[in-house]
Amino acid sequence: MTAQTGTNLRVNGDRLWDMLMEMAKIGPGIAGGNNRQTLTDEDAEGRRLFQRWCEDAGLTMGVDTMGNMFMTRAGTDPDALPVYIGSHLDTQPTGGKYDGVLGVLAGLEAVRSMNDLNITTKHPIVVTNWTNEEGARFAPAMLASGVFAGVIDQDYAYGRKDMDGKTFGDELKRIGWLGDEVVGARKMHAYFEYHIEQGPILEAENKQIGVVTHCQGLWWLEFTLSGREAHTGSTPMNLRVNAGLAMARIMEMVQEVAMSEQPGAVGGVGQVKFSPNSRNVLPGTVVFTVDIRTPSQEKLDRMRATIEAKANEICAALGVGCAVEAVGHFDPVTFDEKLVASVRKAAEDLGYSHMNIISGAGHDACWTAKVAPSTMIMCPCVGGLSHNEAEEISQEWATAGCDVLLRAVLETAEIVA
């Protein structure tokens with residue numbers, strides 16, 4: 001990194017913010033956020049806007065068979081592996097404007113700033129939009145990056161169904177984003193992901209930059225409980241086979257298991273589907289997903305085993321059938337020490353306050369870490385609120401993290417001129 005460029009390595013924060021606000025117009029929510037779920041018409045529209053911006057910046061596009069978008073800025077060495085910057089454009093049904101989107105558009109802004117500064121790098125730089133990071137429509141989360149990393153089978157991914165029975169593979173074709181690149185064929189020199197924290201720590205500690213050292217491991221355990229539909233008013237209490245009651249007791253048990261593993265463990269239930277879901281009918285079937293996370297492999301394994309064993313005991317006592325399917329998983333991740341150090345140094349050089357942090361949420365970087373040196377950068381979010389239309393960050397926070405991203409990426413991609 002030359003002295004001249006070293007004094008000028010800042011991004012255009014206004015331009016980054018304008019992109020975020022423009023993307024947020026696609027798939028607007030009902031309360032100020034976004035509903036741009038993966039492989040919907042809104043997702044397709046967001047992809048087209050991103051493509052146009054990237055091509056205007058001189059990037060060339062590749063799309064693989066999972067719909068992952070790879071926008072490439074050429075380097076000077078044709079044999080040098082690219083440095084990737086990535087995240088996702090899909091959102092939760094009631095998602096915010098920044099979760100995932102910030103990381104994709106910050107990658108584009110970093111490239112635009114390189115163009116402004118006439119910076120050339122040895123390694124190519126690739127800005128990536130991963131398909132179905134959220135897992136809101138098609139479980140599991142980080143589906144396409146998981147296929148890319150070889151930990152999820154592509155046929156399995158294509159067969160995943162949403163709540164209406166539509167498959168991932170059919171919807172990918174329908175919106176026109178089924179690419180022809182073999183998924184996972186690309187090789188990475190390094191991978192960077194910039195994201196909002198989705199938690200309250202950075203704001204509470206008054207830090208501008210989170211230097212992410214680890215990511216929690218995760219299990220999503222989908223329970224299907226089978227009881228007996230019956231009238232809620234005329235069925236005696238002692239003659240009920242109540243799948244809803246079993247679910248309630250399992251939810252309470254999950255809370256107890258997570259609390260017994262403190263500090264550094266969480267567990268809960270965020271999605272429940274009753275059938276027939278009538279106010280005066282006891283449910284015959286209840287489907288819900290238990291989400292457990294911890295940075296400790298030992299705790300993660302123990303929590304899963306305990307929850308499954310106790311759930312079976314609860315259901316047996318009530319005469320309720322119990323089936324469990326693991327619909328999402330990754331082990332705890334330790335990010336690459338060299339890249340972590342590069343992020344930390346960039347924050348220090350820029351004079352931004354920073355601290356080490358463990359990501360409480362899963363990210364595509366969890367899978368890329370299986371195949372390439374990877375790391376993450378985080379910025380604060382107001383009140384730690386995410387997966388909510390009220391999610392908020394400041395332009396100053398967004399810009400600071402993008403400045404750090406630019407410097408760390410350039411150090412890794414090796415400035416030529």
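Which side chain does a polar contact of 3.2 Å join to that of His387? The views below, from a predicted model, begin with the answer.

**View 1. The annotated binding site, seen at His387.** The polar contact of 3.2 Å links the His387 side chain to that of Asp99. An unreviewed UniProt entry annotates Asp99, Glu134 and His387 as "binding site". These residues are spread over 289 residues of sequence, yet they cluster in space, with a largest C-alpha distance of 9.6 Å. His387 sits in the loop between strand E15 and helix H13. Its relative accessibility is 40%, so His387 counts as partly exposed. Beyond its sequence neighbours within four places, His387 contacts Gln92, Thr94, Asp99, Glu134 and Gln198.

View 2. Asp99 lies in the loop between strand E3 and H4. Asp99 is buried, because its relative accessibility is 5% and the cut-off is under 20%. A polar contact of 3.4 Å joins its side chain to that of His88. Residues touching Asp99 include Asp90, His195, Ile196 and Glu391.

**View 3. Helix H3 and its packing.** H3 covers residues 41-56 and reaches 23 Å from first C-alpha to last, close to the expected 22 Å. Its buried residues include Leu49, Phe50 and Trp53. The buried residues of H3 pack against helices H2 and H4 and strands E1, E2 and E4. Gly58, with a positive phi near 90 degrees, follows H3.

**View 4. Thr289 in strand E11.** Thr289 belongs to strand E11, residues 285-294. Thr289 is buried, at 11% relative accessible area. Its contacts include Trp220, Leu221, Gly268 and Val327. The unreviewed UniProt entry places a "Peptidase M20 dimerisation" domain at residues 216-315. That span is 37% helix and 34% strand.

Conventions:
Residues numbered from 1 in each chain as written. Predicted model: local features only at pLDDT ≥ 70, side-chain atom pairs only at ≥ 80, totals over all residues. Heavy atoms only, no water. Helix = DSSP H or I, 4+ residues; strand = E, 2+ residues; numbered from the N terminus. Expected span 1.5 Å × (residues − 1). Buried < 20%, exposed > 50% of the residue type's maximum accessible area, 1.4 Å probe, protein only. Contact = heavy atoms within 4.5 Å. UniProt positions renumbered as here; feature names shortened; annotations may be inferred. Polar contact = N/O pair within 3.5 Å; in protein donor to acceptor, adjacent residues only side chain to side chain.
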